[in-house]
Structures are given as structure tokens and as C-alpha cells.
Amino acid sequence: MNSVEVEAKTVADAIKKALALLNTSGDKVEIKILSEEKMGLFGRPGGKSAKIRASLKKKKLDILGP
């Protein structure tokens with residue numbers, strides 16, 4: 001699995017879930033916020049969840065010549 005899309009209550013929660021699903025740390029992924037969380041009327045729950053896409057960074061190969 002190279003990337004996942006995750007929804008959660010907040011962006012931070014979505015990132016935590018994505019890192020757990022990819023079994024990696026934050027420095028090894030690229031995060032794209034697809035939508036931020038929105039609160040319901042008067043700050044009540046029931047708004048919109050946050051959604052992110054987390055993709056593993058591509059590894060750079062160091063090829064040393066003779």
C-alpha cells in the first residue's frame with residue numbers, strides 16, 4: 001500500500017490514522033489535506049469530517065560510480 005485516504009474528526013486524527021495504516025512515521029509520508037473539519041451549527045458536533053491523503057515518499061537511490 002503506497003497511499004491511503006482517511007477521514008476523521010480532525011486533520012490531526014486523520015494523519016495519525018493514516019500513519020498507523022501505512023505503518024510508518026510522519027517524515028516518510030506526504031500529506032495532502034482534501035478537506036478540513038467543519039463544526040456544526042454553533043460549534044456543535046455533526047459538521048463535516050476532515051479528509052486527507054497520505055502517500056509514502058519515493059526513495060531516492062544513491063548510485064555511486066567507480
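Q: Before we start, what counts as a salt bridge here?
A: A salt bridge is a side-chain nitrogen of Lys or Arg within 4 Å of a carboxyl oxygen of Asp or Glu.

Q: And what kind of model is this?
A: This is a predicted model, where local features need pLDDT of at least 70, side-chain atom pairs count only at pLDDT 80 or more, and totals for chains, interfaces and linings use all residues. Residues are numbered from 1 along each chain as its sequence is written, and side-chain values use heavy atoms, with hydrogens and water left out.

Q: OK, how many salt bridges in the whole structure?
A: A search of the whole structure turns up two.

Q: What does Lys-51 pair with?
A: Its side chain meets that of Glu-5, at 3.5 Å from N to O. The pair links distant parts of the chain: Lys-51 lies in strand S3 and Glu-5 in strand S1, 46 residues apart. Strands (E, at least two residues) and helices (H or I, at least four) are DSSP runs, numbered from the N terminus.

Q: And Arg-53, what is its partner?
A: Glu-5, with the closest N and O atoms 2.8 Å apart. Arg-53 is in strand S3 and Glu-5 in strand S1, so this pair also joins distant parts of the chain, 48 residues apart. Shared partners put Glu-5, Lys-51 and Arg-53 into one network.

Q: Is Glu-5 buried, exposed or partly exposed?
A: Partly exposed, with a relative accessible area of 44%. Buried means under 20%, exposed over 50%, and partly exposed in between (1.4 Å probe, protein chains only). Lys-51 is partly exposed at 28%. Arg-53 is partly exposed at 28% too.

Q: Switching topic. Which residues make up the largest nonpolar core?
A: There are 12 in all, including Val-4, Val-6, Leu-19, Leu-22 and Ile-52. A nonpolar core is a set of buried Ala, Val, Leu, Ile, Met, Phe, Trp, Tyr and Cys residues joined through side-chain atoms within 4.5 Å.

Q: Which elements give two or more residues to this core?
A: Strand S1 (3-8), helix H1 (11-22) and strand S3 (50-56). The largest share, five residues, comes from H1.

Q: What does Ala-54 touch?
A: Ala-54 is another member of that core. Leaving out residues up to four places away in sequence, it touches Asn-2, Ser-3, Val-4, Ala-18, Leu-22, Glu-30 and Ile-31. Contact means heavy atoms within 4.5 Å.

Q: Last one: where is Ser-35?
A: In strand S2 (residues 29-35). Ser-35 is buried, at 17% relative accessible area. Beyond its neighbours within four places in sequence, Ser-35 contacts Lys-48, Ser-49, Ala-50 and Lys-51.
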